[in-house]
Amino acid sequence: MLQKISKVLVGAAVAAALIGPVHAAENWRAWNIHNDGHPNTAAMDKFSELVDKATGGEVTVEVFHGGVLGSQPDALEQVRLGAIEIGNFNLGPIGPMVKEANLVSLPFIFKSVPHMFRVLEGEAGQTIADAMAEAGVKPLAWVDAGARSFYSQKPINAPADVEGLKIRVMNNDLYTSMISALGGNPSPMAFAEVQQALKTGVVDGAENNFPSFKNVGHYEVTTHYSLSEHLIIPECICVNTAKFDALSADMQAAVRGAAEEAALFQRELWAVQSEQARKDVEAAGIAVNEIADKGPFQDAMKQVYDEYLAANPDMAGLVEMAQKTE
Ligand code: BDP
């Protein structure tokens, strides 16, 4: 009897060896705050498809849209802990957990979106990426999020127009300092609550790019969008570092390649859809105004930079690197 059992066991072991090592498939959950119709939603769906193909199904990614897995700061914490594996994150809410990432949250630090990508693709970007990976949120690819501008019930042309306004910002002390320096009252709040807050007058205004302004209906509860373009904050496809590092080298390359391809797709889509979003909100009655002189906004930020660098002297090198990048 014993002999029989051991023969069966040996047989099973031989069969397993012939089939090769058995990989348990990695089934990842992905966080995405956006809904259908937003370029990042399409890009995350594409990413999921590409990962499946590139890894032969060894890694799968199920994307949860509309922020159903939680607010952005909560989801970031979940990714750090490995409870959610991956997601499309904005670097704004990453600043409070990874100091280096805060470079991109300094108002007017970038001259344009292409300039922002040049900085990210250089040494400063590598420093940020390394620090994020160290903190458990590893960027696999950078994603475009355009420029953020103010919107409210009146046009904003000068800092004086912000005075006394309650403005919603994302969770990051740099944004509260930014609004205070303009004379406004900052109100940090989760993205999901902003539409209602604008509607009921809990806040007088907010700031975002055109696709997000449109996608979650902020344009339905405001009247003016003023092109301050005070923040150009990149986003990432970011993964829990330990989960990624545990993959074989081949699988890592496949997942990274899928993220890079999805990010390229996102950037193309972004260019087209942010133009379209602007046209759509204008057609719906939003008055978009250029700001003839952004100088006074930039001047007001001197105080933000001074306070920030006094508190974080070790960030001076990164700031200089970004400012010197052509
Ligand atoms: C959008 C970003 C998203 C942020 C949101 C916000 O894509 O990640 O959560 O702004 O303002 O543009 O909270």
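Two residues are said to be in contact if their C-beta atoms, placed from the backbone, lie within 7 Å. Among contacts in the protein chain between residues at least 6 apart in sequence, those joining residues at least 24 apart make up 76%. The structure described here is a predicted model.

The protein chain has 326 residues, of which 45% are buried. It holds 14 helices and 11 strands, and its C-alpha trace spans about 90 × 45 × 30 Å along the principal axes. The domain assignment divides the chain into domain 1, given as 25-144 + 233-276, and domain 2, given as 148-232 + 282-324. A distance of 23 Å separates the C-alpha centres of domain 1 and domain 2. Across the boundary, 33 residues of domain 1 are in contact with 28 residues of domain 2. On the side of domain 1 that touches domain 2, the elements giving two or more residues are α3 (72-81), α4, α5 (123-134) and α11. By class, the residues of that side comprise 16 nonpolar, 14 polar and three charged.

Consider next an open sheet of five strands, in which the order is β2-β1-β3-β10-β4 and the pairing is mixed. From one strand to the next, the twist averages 30 degrees.

Strands of a sheet pair through backbone hydrogen bonds, and the pairing may be parallel or antiparallel. The parallel sense is found between β1 (residues 26-31) and β2, which pair over six bridges. Within this pair, Ala30 stands opposite Val63 in β2. Helix α2 (residues 39-54) packs on the sheet and touches β1, β2, β3 (86-90), β4 and β10 (235-240). The direction of α2 makes about 160 degrees with that of β2. Another helix, α11 (residues 249-283), lies across β2, β4 and β10 and runs at about 35 degrees to β4.

Tyr151 takes part in both pairings: its bridge partner in β9 is Tyr225, and in β8 it stands opposite Ala206.

In a regular strand, the side chains alternate between the two faces of the sheet. Which residues of β5 point one way, and which the other? Arg148, Phe150 and Ser152 point one way, whereas Ser149 and Tyr151 point the other way. Five of the five residues of β5 are buried.

The ligand is the next point of interest. The residues that surround the ligand are Ile33, Gln72, Asn90, Ala145, Met170, Phe191, Asn208, Asn209, Ser212 and Glu235. By class, this shell has four nonpolar, five polar and one charged residues. Each of domain 1 and domain 2 contributes at least three residues to the shell around the ligand.

Some individual residues also deserve attention. Most residues other than glycine have a negative phi. Phe108, although not a glycine, has a positive phi of about 60 degrees. Phe108 is placed in the loop between β3 and α4 (113-121). It counts as partly exposed because 17 C-beta neighbours lie inside 10 Å, a number that falls between the limit of 12 or fewer for exposed residues and that of 20 or more for buried ones.

A positive phi is also found at Glu229, a residue other than glycine, where the value is near 45 degrees. Glu229 lies in strand β9 (residues 224-231). Is Glu229 buried or exposed? Glu229 is buried, because 22 other C-beta atoms lie within 10 Å.

Thr200, found in helix α8 (residues 194-200), has 9 C-beta neighbours inside 10 Å and therefore counts as exposed. Thr200 and Val137 are 63 residues apart along the chain, and their C-alpha atoms are separated by 36 Å.

Methods: Residues numbered from 1 in each chain as written. Predicted model: local features only at pLDDT ≥ 70, side-chain atom pairs only at ≥ 80, totals over all residues. Pairing = 2+ DSSP bridges. Helix = DSSP H or I, 4+ residues; strand = E, 2+ residues; numbered from the N terminus. Axes fitted to C-alpha atoms, helices over the stretch in contact; angles between N-to-C directions. Near = placed C-beta within 6 Å. Nonpolar A, V, L, I, M, F, W, Y, C, P; charged D, E, K, R; others polar. Domains from an automatic or database assignment.
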